[in-house]
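Hi,

Here is the structure I promised to pass on.

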Amino acid sequence: MVHLRGRRIALRDWSVDDLPALREWLAPEQPWRDTDGPYFGRPTHRAVAEQLNRLTVLATVPRDMLPTPRESLAVVDGDDGLLGQVNWYWEDEQTDWRRMGLAIYDQRGWGRGYGSAALALWTSYLFDTTDALRLDYATYSGNPGMIAVGRKLGFTQEAVFRQARRWSGGVHDAIVFGVLRSEWPT
């Protein structure tokens, strides 16, 4: 079982106890979706059901059958209440380019350091369980929280694609923050 404890939050394997909260938090109309790649559009209820099904499998499969590293972990508070999730996916598997993701669902948790704590634990876990040379994440200029996370953790702003996204009556930059294994504190 994966359970990574930080000072304020923890990352852990998904549990069946998470499923009722996930049903609510993954709904297309949730406010966190306004900053999590909103230019891709809100997911359909069918897409949400498929995501919930994938997480249900992760919550119910025997832990020894799950891959290492995990592709996704729950972000929970000190009382084991669901705050969000972290994940990773292949930007390009052939070249071993991994991209990370983070979502803190509850707005009451925004700006309180939960995202930074979660991404720090996640980055350490991924470097500890893989031979990746680098990790990164992509965001956009309309998501000041994720920009602050990267700066707080000492990630390098590696790319800015200026005026890359027309969204919500404005034009936003696409931004990538990355960190090398050699730069990450052990």
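Before the details, one term: a residue is called buried when its relative accessible area is under 20%, exposed when over 50%, and partly exposed in between, using a 1.4 Å probe and protein chains only. Keep in mind that this is a predicted model, so local features need pLDDT of at least 70 and side-chain atom pairs count only at pLDDT 80 or more, while totals for chains, interfaces and linings use all residues. Residues are numbered from 1 along each chain as its sequence is written, and side-chain values use heavy atoms, with hydrogens and water left out.

Now the overall picture. The protein chain has four helices and eight strands, where helices (H or I, at least four residues) and strands (E, at least two) are DSSP runs numbered from the N terminus. Read from that end, the order is β-β-α-α-β-β-β-α-β-α-β-β. The radius of gyration is 16 Å, close to the 16 Å from the globule rule for 186 residues, so the protein chain is as compact as a globular protein of that length. (That radius is taken over C-alpha atoms, and the rule is 2.2 Å times the number of residues to the power 0.38.) Of the 186 residues, 44% are buried. Take the contacts, meaning heavy atoms within 4.5 Å, between residues at least 6 apart in sequence: 57% of them join residues at least 24 apart.

On charge, there are 22 positive and 24 negative side chains, and the centres of the two sets lie 5 Å apart. Lys and Arg count as positive, Asp and Glu as negative, with His and the chain ends not counted; each charge is placed at NZ of Lys, CZ of Arg, CG of Asp or CD of Glu.

H3 covers residues 114-129, and its 16 residues should span 22 Å at 1.5 Å a residue, which agrees with the 22 Å between its end C-alpha atoms. (The expected span is 1.5 Å times one less than the number of residues.) Its buried residues include Tyr114, Leu119, Trp122 and Phe127. Ser116, also in H3, is buried at 8% relative accessibility. Beyond its neighbours within four places in sequence, Ser116 contacts Val149, Lys152 and Leu153. Ala120 is another H3 residue; with the sequence neighbours within four places set aside, Ala120 contacts Leu153 and Trp184.

Asp18 sits in the loop between strand S2 (10-12) and helix H1 (19-25). Is Asp18 buried or exposed? It is buried, with a relative accessible area of 4%. Not counting residues up to four places away in sequence, Asp18 touches Arg12, Asp13, Ala74 and Leu82.

Most residues other than glycine have a negative phi, and most peptide bonds are trans. Thr68 and Pro69, however, are joined by a cis peptide bond, with omega about 5°; Pro69 is in the loop between helix H2 (45-60) and strand S3 (72-76). Asp80 is not a glycine, yet has a positive phi of about 65°. Asp80 lies in the loop between S3 and strand S4 (82-92) and is partly exposed at 40% relative accessible area. Ser168 also has a positive phi, about 50°, without being a glycine. Ser168 is in the loop between strand S7 (156-167) and S8, and counts as exposed at 66% relative accessibility.

Cheers
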